[in-house]
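Trainee: I'd like to learn how to read a model like this one. Could we go through it together, a feature at a time?

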Amino acid sequence: MTETTRTERQAKVEGHGGALAVAVARRRGVSAMFTLSGAHVFPLYDGAVKADPPLPLIDVRHEQTAVFAAEGLAKLTRVPGLAVVTAGPGVTNSVSAVTTAWFNGSPLLVLGGRAPQARWGSGSLQELDHPPLLAPVTKRAATVHRVGDIAAEVDAALALADQPHRGPVFLDVPIEQLFSSAAVTLPDPPAPPAREPDGDALARVAALLGGAQRPVLVLGSDVWADHAEQAARRAAEALGLPVIANGLGRGVLPAGHELLVTRARSLAFGAADLVIVAGAPLDFRLGYGAFGGSSGQPARVVQLDQEVLASDAGPVHPARIYGELRKLLADDAVVIGDGGDFVSFAGRYIEPAQPGSWLDPGPYGCLGTGLGYAIAARMARPEGQVVLLLGDGAAGLSLMDVDSLVRHRLPVVIVCGNNGAWGLEKHPMRMFYGYDVAADLQPGCRYDQVAQALGGAGELVTTADGIAPALRRAFDAGVPYLVNVVTDPEVAYPRATTGL
Ligand SMILES: Cc1ncc(C[n+]2csc(CCOP(=O)(O)OP(=O)(O)O)c2C)c(N)n1
Ligand SMILES: [Mg+2]
């Protein structure tokens, strides 16, 4: 690609479709391209490696990991993520991850390859019309039919993805267009959005607050996405509002803050006469928005929590893992959860010290986000701790991507809560039917050896006092390291809601 002229804000460029897309993505702040190889999208790779400086290209072992990684990076850096997937199965493999970004309101562009337009209908390799499949789970899903339109379409797609309410956008480009060249003027770099609050609405909220006896403030992921974390903390402290945080809103008030009542949420919501919800959807995680009118007994729960965090029980109680991890976590650690009960325990016991440091799959609840989010976290935070909490079931959906961590030199601590079961399904099924089926996994399966086989490191832990030294070795290892802790299959997370 050659840059022929440059005015103060505009640049004229000539190049193939891939180079044009990369040039525009760069101007929008995109910092990496995640992919799994396919010939339909080769020009995008060529555009990435020949850009000056090159756009980092991270190739993984499943398209959904590529999209999860792009989404994870978007969540942490607050800049749209970019994933590139090949035509047909590359696109269909990415659908669950795109849907996760849709549910999470994460800004993301997925660029797909597409069979040649000239032969459309005659049965070329992987000839599938993708946009109708992606339309329900994206803000826009479309085909770019001319190479000359790629720059403008990619620019508009990234702008749309990043516009509140954020979300994924999908574009595919027929192979002959992506390989062709055009000379275009790159769109202006975006001006930072200026958003003014609605004064009338603010006055109404202030009046409600003035009259409330037991108000509660909920802080969700969009508080972080909108760079409002400091304003939110100042507001909570100035008004003395008890805070419940979820998603990337966790850490806006650090662990131990006197106003943070996340762990007594049932009591707080039950007693509240006003709930102000900032940056979080009113879905099943917030009781569908129905609050107040009930009572609870949080003190007893807290006592029980303290017991299990220090439990010496054998087999290991999963909460003991968090009792140990809490002592070793630095304030800037990024913690990622992918799994069932094991991650629910983490939600209860691990409280981030800073905002933008907690990655869960969000309300789509798709198992398999873990390795992609871990790749993203290590890229976004090259120096800090990155800890992936992985159920043994969830491990099966993305563990091959330890290979991607190894190849791209991305050290991450992976803690596998290995209860030999799809625990979050096993226990409810027993409750409904008195028995369970299709819920068992191999007891003590050596996921640590899988990590070793893929070029990482790891070890098996079967006793409570073995956890802390193993975690220390993992943090010191400097390579992807899987601590495989065999936990008690009979321990179920004490769940008040199922989301159903
Ligand atoms: C892609 C996908 N498939 C199935 C499920 C249903 N599901 C939710 S939690 C869970 C069990 C997870 O098991 P594991 O990761 O071992 O964690 P545990 O509950 O045992 O701690 C399953 C199967 C899902 N959420 N996502
Ligand atoms: Mg399990």
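**Around the ligand**

Mentor: Let's start with ligand 1, which 19 residues surround, the closest being Gly339, Gly340, Gly391, Gly393 and Gly423. A residue is near a molecule or strand if its C-beta atom, placed from the backbone, lies within 6 Å of it. Keep in mind that this is a predicted model, where local features need pLDDT of at least 70 and side-chain atom pairs count only at pLDDT 80 or more, while totals for chains, interfaces and linings use all residues. Residues are numbered from 1 along each chain as its sequence is written, and chains are lettered from A and ligands numbered from 1 in the order in which they are written.

Trainee: Which elements give two or more residues to the shell around ligand 1?

Mentor: Those are helix 15 (341-349), helix 17 (392-398) and helix 19 (423-433). Helices (H or I, at least four residues) and strands (E, at least two) are DSSP runs, numbered from the N terminus.

Trainee: How does the shell around ligand 1 divide by class?

Mentor: The shell has 7 nonpolar, 9 polar and 3 charged residues. Here Ala, Val, Leu, Ile, Met, Phe, Trp, Tyr, Cys and Pro count as nonpolar, Asp, Glu, Lys and Arg as charged, and the others, Gly among them, as polar.

**Sheets**

Trainee: On to sheets: in what order do the 6 strands of the open sheet come?

Mentor: The general idea is that strands of a sheet pair through backbone hydrogen bonds, either parallel or antiparallel. In this model the 6 strands run in the order 4-3-5-6-8-7, with parallel pairing; two strands pair if DSSP finds at least two bridges between them. Strand 4 (57-59) and strand 7 (140-143) are at the edges with a single partner strand each, so one side of each has no neighbour in the sheet. On average, neighbouring strands of this sheet are turned by 20 degrees against each other, direction ignored. Axes are lines fitted to C-alpha atoms, for helices over the stretch in contact, and angles run from 0 to 180 degrees between N-to-C directions.

Trainee: How many bridges join strand 7 to strand 8?

Mentor: There are 4, and strand 7 and strand 8 (residues 168-174) run parallel. For instance, Arg140 has Val169 in strand 8 as its bridge partner. Helix 7 (residues 150-162) packs on this sheet, touching strand 6 (108-114), strand 7 and strand 8, and its direction makes about 165 degrees with that of strand 8. Two residues are in contact if their C-beta atoms, placed from the backbone, lie within 7 Å.

Trainee: What is the strand order in the open sheet of 3 strands?

Mentor: That one reads 11-10-12, with parallel pairing. Its edge strands are strand 11 (243-245) and strand 12 (274-278), each pairing on one side only. Strand 10 (residues 215-219) is joined to strand 11 by 3 bridges, and Leu219 has Ala245 as its bridge partner in strand 11.

**Helix pairs**

Trainee: At what angle do helix 1 and helix 2 pack?

Mentor: Helix 1 (residues 17-27) and helix 2 (residues 42-50) pack at about 55 degrees, with their axes 7 Å apart. They are therefore oblique to each other; angles under 35 degrees count as roughly parallel, over 145 as roughly antiparallel, 65 to 115 as roughly perpendicular and the rest as oblique. The crossing of helix 1 with helix 2 is right-handed. A crossing is left-handed if the near helix is turned anticlockwise from the far one by less than a right angle, and right-handed if clockwise.

Trainee: What about helix 3 and helix 5: at what angle do they pack?

Mentor: Helix 3 (residues 63-77) and helix 5 (residues 95-104) pack at about 20 degrees, with axes 7 Å apart, and are therefore roughly parallel. Their crossing is right-handed. Gln64, Val67, Phe68 and Glu71 in helix 3 meet Ser96, Ala97, Val98, Thr100 and Ala101 in helix 5.

Trainee: Which residues does a cis peptide bond join, with omega about -5 degrees?

Mentor: As a rule, most residues other than glycine have a negative phi, and most peptide bonds are trans. In this model a cis bond joins Asp52 and Pro53, and Pro53 sits in the loop between helix 2 and strand 4. The bond from Gly314 to Pro315 is also cis, with omega near -5 degrees. As for phi, Arg409 has a positive value near 55 degrees, and lies in the loop between helix 18 (402-407) and strand 16 (413-418).
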